[in-house]
Amino acid sequence: QVDLVESGGGSVQVGGSLRLSCEVSGNTAGFYCMGWFRQAPGEGREAVALFDGADDATYYADSVKGRFTVSKRDAKNLLLQMNTLQVQDTAMYYCAARRGFCSWGLPLTEFTYWGQGTQVTVGV
């Protein structure tokens, strides 16, 4: 059994910051690719940032470059530091993982494991 649990979401002012965490439990062998995705109401789910455990490379959506930073705190925790938050960042944020290689553009269906999400609301 593999579980991903996100935390750190909430409401924040425009221009503020939040840090999301993804804690992984269970068999994490081969979890070389992990990432953050988000979905706003009425919109499709999109990739925000990826972390490649093979070489520690990171990838970001153009909309968050320079503002978001994905990192690995330890073997079982993935972080997403979000700065200068905008109203457009409001969404449900999900952590996901897959066993295998990592590359930007991988279809969402290639990520086998998903958390239940944590809500981020900007503009309070």
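The disulfide between C33 and C102 is right-handed, because the torsion about its S-S bond is about 45°. C33 lies in strand β4 and C102 in the loop between β9 and β10 (113–114), so this pair ties together parts that are 69 residues apart in sequence. The model described here is predicted.

**Disulfides**

- The count of disulfides comes to two.
- In the pair C33 and C102, the S to S distance is 2.2 Å, and both cysteines are buried.
- The other bond joins C22 to C95, with an S to S distance of 2.1 Å.
- This second pair also links distant parts of the chain, since C22 belongs to strand β3 and C95 to strand β9, 73 residues apart.
- The torsion about the S-S bond of C22 and C95 is about -80°, so that disulfide is left-handed.
- C22 and C95 are both buried.
- When the bonded cysteines of the chain are numbered in sequence order, they pair as 1-3, 2-4.

**The four-stranded sheet**

- An open sheet is formed by four strands in the order β1-β3-β8-β7, with antiparallel pairing.
- The edges are taken by β1 and β7; each has a single partner strand, so one side of each is left without a neighbour in the sheet.
- On average, neighbouring strands of this sheet are turned by 20° against each other, with direction ignored.
- The antiparallel strands β1 and β3 are joined by six bridges, and L4 has V24 in β3 as its bridge partner.
- Six bridges also connect β3 to β8, again in an antiparallel arrangement; here S21 stands opposite L79 in β8.
- Between β7 and β8 there are six bridges in the antiparallel sense, and a hairpin of two residues connects these strands.
- Strand β8 is largely enclosed by the rest of the structure, because five of its six residues are buried.
- In general, the strands of a sheet pair through backbone hydrogen bonds, either parallel or antiparallel.

**Residue N77**

- N77 is placed in strand β8 and is the bridge partner of D74.
- The side chains of N77 and D74 also make a polar contact, at 2.7 Å.
- N77 has a relative accessibility of 10%, and therefore counts as buried.
- Leaving aside residues up to four places away in sequence, N77 touches C22, E23, S71 and K72; among these, C22 is the cysteine that forms a disulfide with C95.

**Nonpolar cores**

- The largest nonpolar core has 28 residues, of which W36, L80, M82 and Y93 touch the most other members.
- At least two residues of this core come from each of β1 (2–7), β3 (18–26), β4 (33–39), β5 (46–52), β7 (68–74), β8 (77–82), β9 (91–98) and β11 (118–122).
- Another core, of seven residues, lies apart from the largest one; its members include F37, L50, C102 and F111.

Definitions and conventions: Residues numbered from 1 in each chain as written. Predicted model: local features only at pLDDT ≥ 70, side-chain atom pairs only at ≥ 80, totals over all residues. Heavy atoms only, no water. Core = buried A, V, L, I, M, F, W, Y, C linked by side-chain atoms within 4.5 Å. Buried < 20%, exposed > 50% of the residue type's maximum accessible area, 1.4 Å probe, protein only. Pairing = 2+ DSSP bridges. Axes fitted to C-alpha atoms, helices over the stretch in contact; angles between N-to-C directions. Polar contact = N/O pair within 3.5 Å; in protein donor to acceptor, adjacent residues only side chain to side chain. Contact = heavy atoms within 4.5 Å. Disulfide = S-S within 2.5 Å.
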